[in-house]
Amino acid sequence: QGSESSTMPPRKDKTEEQLAQECFGAEVVRRKRKVSKEMQQMAADLFVTLDLNEVLSIKPKERAKWLDKALGAAKEGRINPTKVYDILSHRQFDDSVNSEYGAFMLDRVKFHMDLFTEKQKKHLKSDNFHLQKKFAPVVLADSDDDSDEVKAMQLDDSHVNRDILERKSKKARKRQREIDDAEKAKRLRLGLDEVDSAIDAVRPKIERRIDPSDGQMYTKEEFLQEYNGLAEW
């Protein structure tokens with residue numbers, strides 16, 4: 001008997017949806033995993049926009065918050081620091097920013113300076129960087145003697161500055177004590193001189209004469225005792 005050979009068509013793997021549709025005759029909808037509100041909030045907190053127009057359109061206060069958040073994300077490796085630099089160095093980034101928010105932004109940039117390349121650091125430290133030019137503190141000193149005091153006035157809440165002022169205060173008090181002591185000594189000397197002058201004024205004057213024979217000085221009483229007379233006095 002001859003056997004007839006039949007060629008079977010190649011089998012195609014079907015998806016779960018196709019198999020379920022053949023079995024139940026209805027379209028199967030895949031369930032999507034629900035995301036909790038906590039996860040959504042966490043994702044929103046971690047998200048940092050890098051859209052230049054969006055950043056420039058927000059108010060200075062929110063822009064300052066964005067910068068702080070963006071630098072933190074760059075430090076954690078979630079975003080590229082160069083993207084932050086490009087927005088930060090834009091000429092309109094500091095528009096309408098007052099001294100309070102400007103100083104805050106500049107402080108955050110300096111704190112995270114190690115995130116940037118050497119070329120970027122050079123720009124951020126120069127006057128070509130708008131925040132640096134507008135909000136960096138300026139120290140003016142007329143002489144080396146005044147420099148510590150000027151720095152102390154311009155840097156607040158610093159123990160270094162308090163130490164500087166305390167040392168200067170101690171030196172000033174020491175100089176004043178030296179001046180006072182010298183004045184007291186001077187007054188004391190003048191007082192003693194005055195006392196001596198007063199004693200001399202009231203002290204009776206005693207006449208003394210020199211005897212040519214021996215060259216000694218004698219009072220009248222001593223001469224009388226020595227020579228038993230005043231004929232040669």
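1. His112 is a buried residue in this predicted model, and its relative accessible area of 6% is the value behind that description, because a residue counts as buried when the figure is under 20%. In the chain, His112 sits in the loop between α6 (99-111) and α7 (118-124). If residues up to four places away in sequence are set aside, the residues that His112 touches are Leu71 and Lys75.

2. The loop that holds His112, between α6 and α7, also holds Phe116, which is a partner in one of the aromatic pairs. The structure has 2 aromatic pairs, and in this one Phe116 is set against Tyr85 in a tilted arrangement, with 6.2 Å from centre to centre and 55 degrees between the planes. Those two values are given together because a pair of aromatic rings is described by the distance of the centres and the angle of the planes. Tyr85 belongs to helix α5 (residues 81-88) while Phe116 lies in the loop, so the pair ties together parts that are 31 residues apart in sequence. Both partners, Tyr85 and Phe116, are buried.

3. A reader new to the structure may next wish to look at the largest pocket, which holds about 160 Å³ of space. Its lining is made up of Phe47, Val48, Thr49, Glu54, Val55, Ile58, Glu62, Lys65, Trp66 and Lys69. The elements that give two or more residues to this lining are α3 (52-57) and α4 (60-75), and α4 provides the largest share, with 4 residues. Sorted by class, the lining of the largest pocket consists of 5 nonpolar residues, 4 charged residues and 1 polar residue.

4. As for the overall architecture, the protein contains 11 helices and 2 strands.

5. Some totals for the whole protein complete the note. Of its 233 residues, 22% are buried, and His112, Tyr85 and Phe116 are among the buried residues. The accessible surface of the protein amounts to about 19,500 Å², and carbon and sulfur atoms account for 50% of that area. Among the contacts in the protein with a separation of 6 or more, 47% are made between residues 24 or more positions apart.

How values were computed. Residues are numbered from 1 along each chain as its sequence is written. This is a predicted model: local features need pLDDT of at least 70, side-chain atom pairs count only at pLDDT 80 or more; totals for chains, interfaces and linings use all residues. Side-chain values use heavy atoms; hydrogens and water are left out. Buried means under 20% relative accessible area, exposed over 50%, partly exposed in between (1.4 Å probe, protein chains only). Contact means heavy atoms within 4.5 Å. Accessible areas come from the Shrake-Rupley method with a 1.4 Å probe; for residues, only the protein chains shown count as cover. On a 1 Å grid over the protein atoms alone, a cavity is a set of points where a 1.4 Å probe fits but cannot get out, and a pocket is an open set with protein on both sides within 12 Å along at least five of seven lines; lining residues have an atom within 4 Å of a point. Grid points are joined across faces, edges and corners, and a volume is the space filled by probe spheres set on the points. Ala, Val, Leu, Ile, Met, Phe, Trp, Tyr, Cys and Pro count as nonpolar, Asp, Glu, Lys and Arg as charged, and the others, Gly among them, as polar. Rings of Phe, Tyr and Trp (its six-membered ring) pair if their centres lie within 6.5 Å; planes under 30 degrees apart count as stacked, over 60 as edge-to-face and the rest as tilted.
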